[in-house]
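User: Hi! Could you take a look at this one with me? I have a handful of quick questions.

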Amino acid sequence: MASNATAAAAAKCPGPMKATSQGAFQGENPLDYALPLAILQICLVVVVTRGLAYLLRPLRQPRVIAEIIGGILLGPSALGRSHKFLHAVFPPQSMTVLDTLANLGLLFFLFLVGLELDISAIRRTGKKALAIALAGISAPFALGIGTSFAFRATIVKGAPQGPFLVFMGVALSITAFPVLARILAELKLLTTDLGRMAMSAAAVNDVAAWILLALAIALSGSGSPIISLWVLLTAAGFVIAICLFLRPVLAWMARRSPEGEPVKEVYICATLAIVLAAGFVTDTIGIHALFGAFMVGIVVPKDGPFAGVLIEKVEDLISGLFLPLYFVSSGLKTDVATIKGAKSWGLLVLVIANACLGKIGGTVITSLFVKIPVREAVTLGFLMNTKGLVELIVLNIGRDRKVLNDEAFAILVLMALFTTFITTPIVMAIYKPARKTVPYKRRTVECSPGDADGELRVLACFHTNRHIPTLLNLVEASRGTGRRRLTMYAMHLVELSERSSAISLVQRARRDGMPFFNSKEQRTEQMVVAFEAFQQLSSVRVRPMTAISDLDTIHRDVIDSAADKRAAIVIMPYHKALHHDGSFQSLGSPYHAINKRVLREAPCSVAILVDRGLGGHAQVSAKNVSFSVAALFFGGPDDREALAYATRMAEHPGVAVTLARFQPSRLQSGEEDAADEAAVEAFKAKVGAVKDGSVRFEEPEAYTREQVLETIESLSGFNVFVVGRMPPTAPLVERPDELGPVGSYLVSPGFRTSASVLVVKRYDPATNPKSKRFDPKARPPAATELDALDEEMGSAAVVPVTQSPMSEIA
């Protein structure tokens with residue numbers, strides 16, 4: 001009898017899986033072993049979640065939505081309804097391994113979240129944001145407690161009352177800080193007053209949620225209230241010990257990792273071991289291992305390279321591979337089929353209504369009380385209603401602690417999914433602020449006689465630090481003389497990726513306009529130091545900026561900033577990087593698309609800068625500037641704008657400018673010919689006025705393509721070429737890119753030179769109608785004349801991005 005019972009139990013509960021198999025050729029199924037099965041599960045999870053993220057990109061949904069939906073689809077709600085699939089890919093005996101990997105990934109992800117969280121910034125939270133955060137927690141928490149009575153009276157009758165009340169309150173009151181940051185960045189609201197308020201309130205909400213979650217876990221134990229009190233007191237002692245003893249150790253490691261030197265491997269290994277040890281301690285206390293990792297992340301010093309190196313070492317593996325397992329682990333526990341009958345669906349509607357009413361209502365009422373306009377208050381309410389990973393953590397812990405059953409768990413997961421999914425479309429629909437455009441006349445470098453002494457505003461963009469010296473040297477050579485002032489807005493273009501560390505870039509944002517570097521708090525930033533030094537040594541006013549956005553939409557930041565700052569010209573970096581052998585290698589199609597979109601939509605002239613190291617790898621002081629500039633003139637508006645820029649450069653005492661005029665190979669109108677002659681005659685007058693010979697005019701006899709190439713070859717010794725983007729001449733290369741028929745040749749392998757190239761496109765609303773979007777009554781067409789020119793020149797077409805109301809925010 002005993003042996004039969006043991007055999008029956010063994011058949012019902014299969015033994016633990018072995019780690020590895022001997023292979024299919026030995027007659028073994030790899031899916032019966034833990035390691036190959038885990039590999040298959042990870043690969044399947046990555047493919048499904050990334051595929052869903054790609055499909056949801058047009059809806060502008062954060063990746064967490066795709067990961068939650070992917071987990072549900074792989075679970076018993078969809079694919080898992082096939083028992084054959086579920087038992088082959090996610091058999092019950094593999095769930096321990098899967099949950100262990102998922103929680104290990106969660107452990108280190110929470111360490112990254114702690115690294116991102118700036119406690120000092122939370123302490124500086126304003127009174128308005130603090131009031132909104134408290135109202136956004138207390139109102140939904142109260143409604144969550146009220147909702148819990150309806151749940152306990154229907155589908156979770158046996159749940160312990162105290163823990164269930166707290167878990168329901170926490171589940172409804174959470175705001176996902178990382179998810180909200182990405183939604184705000186996607187909608188171009190990150191650095192507006194509304195975005196700043198939402199981020200400040202969400203940060204306070206995040207900390208409060210962790211405290212409430214710790215309380216809920218302590219209360220959910222199976223022991224007496226005295227044991228729960230001991231758990232809370234021990235957890236408080238652990239936090240104090242972390243601050244008193246561990247923080248100095250981590251600070252010592254950070255001090256011994258100076259800027260510019262690699263962080264020692266032993267420090268990285270020791271910190272990661274400390275994260276695991278802290279997780280072990282908090283799990284032993286009874287408040288889940290993730291709290292220990294989170295606390296270690298908080299106390300790691302944020303100054304210097306130490307925290308950045310830790311993030312770099314950990315996040316790609318954890319966020320890309322192991323964290324999605326947690327969503328799938330949750331999805332495998334979520335069975336939508338358990339929600340059946342009018343009672344269950346009514347509870348789903350009730351919990352969604354109460355979650356929205358509490359979070360949105362509490363936020364809106366408090367926002368109106370602190371005198372925030374109605375539309376902004378409602379938008380803030382929907383933004384604060386964003387859920388995410390912390391919500392799933394709460395629900396999973398509640399389910400593991402037997403506080404939530406399968407039906408309640410599924411209802412609350414769908415509530416989190418729904419409230420997060422509706423955030424982006426509703427905010428886009430209700431928040432359409434009027435664009436604060438200031439009409440300005442000077443949208444080109446070439447100015448009218450009355451504005452000859454006016455200020456020239458340049459928006460110069462760059463991707464990396466190595467572009468800065470060339471940019472500064474070019475601007476110094478373009479500063480003009482006398483009252484012709486130049487203001488440079490230097491914008492660092494930074495991709496906001498799905499990586500968690502992208503949130504740390506948000507901490508640099510100031511509350512006005514685009515995200516400016518805060519020079520008071522970021523003194524160690526190399527870029528800020530370089531720009532401050534340049535401003536002190538030159539008469540050019542410099543305003544460092546940074547745009548943090550997805551590469552698909554970062555051109556909006558450039559375009560909106562150009563309009564907001566009333567720039568006459570935008571300087572964009574070439575989409576290819578220079579290698580040591582003199583060749584160029586593309587940075588990728590997204591960077592090419594950025595330039596193409598800026599060329600189409602900018603409200604002013606645009607120049608593409610091809611960096612070949614103008615002046616070397618360091619900024620040249622004003623008194624030591626000695627550059628030679630060759631301006632190639634074929635005719636047309638772009639060439640006239642390029643000539644105007646070169647003429648300004650000729651005013652610098654250290655810059656010698658040579659204008660080489662070629663005959664156009666394409667016919668122009670009489671008006672264009674007259675304008676070209678006037679521009680050339682004006683330059684000739686300057687040649688006669690300059691007595692030192694630094695300004696020269698040449699008109700080579702070059703009529704054929706070969707003669708033109710030979711003449712350009714003779715100018716290869718110059719430091720800078722300034723050319724128009726679309727002159728009336730035949731292409732000098734077979735497939736020109738965004739640099740046009742002449743500029744493309746100057747960067748081709750067939751032209752050997754060390755000269756940097758500036759390719760200029762003149763602003764013309766007739767060929768750039770998309771710039772009319774700054775007029776709220778104008779509707780730009782889907783295609784422009786420039787699109788046809790690009791196709792004629794053989795350039796790759798760029799699909800226009802759908803206009804968004806959020807892109808109208810400066």
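**Loops, helices and contacts**

Analyst: Happy to. Let's start with a loop: Lys-402 is found in the loop between H17 and H18. Helices here are DSSP runs of H or I with at least four residues and strands are E runs of at least two, numbered from the N terminus.

User: Before we go on, what sort of model is this, and how are residues numbered?

Analyst: This is a predicted model, where local features need pLDDT of at least 70, side-chain atom pairs count only at pLDDT 80 or more, and totals for chains, interfaces and linings use all residues. Residues are numbered from 1 along each chain as its sequence is written, and side-chain values use heavy atoms, with hydrogens and water left out.

User: Back to Lys-402, then. What is its phi?

Analyst: Lys-402 has a positive phi of about 65 degrees, although it is not a glycine. Most residues other than glycine have a negative phi.

User: Is Lys-402 buried or exposed?

Analyst: Lys-402 counts as exposed, at 67% relative accessibility. The cut-offs are under 20% relative accessible area for buried, over 50% for exposed, and partly exposed in between, with a 1.4 Å probe and protein chains only.

User: And what about phi at Lys-371?

Analyst: Phi of Lys-371 is near 70 degrees, a positive value in a residue other than glycine. Lys-371 lies in the loop between H15 and helix H16 (374-384), and counts as exposed at 75% relative accessibility.

User: How many residues of H16 are buried?

Analyst: For H16, 8 of the 11 residues are buried, so the helix is largely enclosed by the rest of the structure. Among them are Glu-376, Thr-379, Leu-380 and Phe-382. The buried residues of H16 pack against H7, helix H9 (177-186), H10, H15 and helix H19 (423-430), where contact means heavy atoms within 4.5 Å.

User: Switching to H8. Which residues are buried there?

Analyst: The buried residues of H8 are Pro-163, Phe-164, Leu-165, Val-166, Phe-167, Met-168, Gly-169, Val-170, Ala-171, Leu-172 and Ser-173. That is 11 of the 13 residues of H8, so this helix too is largely enclosed by the rest of the structure.

User: What do they pack against?

Analyst: The buried residues of H8 pack against helix H7 (127-152), helix H10 (193-219), helix H15 (341-369), H17 and helix H18 (406-421).

User: How far apart are the end C-alpha atoms of H8?

Analyst: The ends of helix H8 (residues 161-173) are 18 Å apart, which agrees with the 18 Å that its 13 residues should span at 1.5 Å a residue. The expected span is 1.5 Å times one less than the number of residues.

User: H17 keeps turning up. At what angle do H14 and H17 cross?

Analyst: The axes of helix H14 (residues 306-333) and helix H17 (residues 389-400) cross at roughly 50 degrees and come within 11 Å. That makes H14 oblique to H17. Angles under 35 degrees count as roughly parallel, over 145 as roughly antiparallel, 65 to 115 as roughly perpendicular and the rest as oblique. Axes are lines fitted to C-alpha atoms, for helices over the stretch in contact, and angles run from 0 to 180 degrees between N-to-C directions.

User: Which residues make that contact?

Analyst: H14 brings Leu-323, Tyr-326, Phe-327, Ser-330 and Lys-333, while H17 brings Leu-389, Leu-392, Ile-393, Asn-396, Arg-399 and Asp-400.

User: And H12 with H13, how do they pack?

Analyst: Helix H12 (residues 265-285) and helix H13 (residues 289-299) pack at an angle of about 135 degrees, with their axes 6 Å apart. That makes H12 oblique to H13. H12 contributes Ile-274, Val-275, Ala-278, Gly-279, Thr-282 and Asp-283, and H13 contributes Ala-289, Phe-291, Gly-292, Ala-293 and Val-296.

User: New topic: where is Val-695, and what is it in contact with?

Analyst: Val-695 lies in strand E10 (residues 695-698) and is buried, with a relative accessible area of 3%. Leaving aside neighbours within four places in sequence, Val-695 is in contact with Ala-650, Val-657, Phe-683, Val-687 and Val-690.

User: Last one: what does Arg-50 touch?

Analyst: Not counting residues up to four places away in sequence, Arg-50 touches Arg-63 and Gly-320. Arg-50 is found in helix H2 (residues 34-56) and counts as partly exposed, at 40% relative accessibility.
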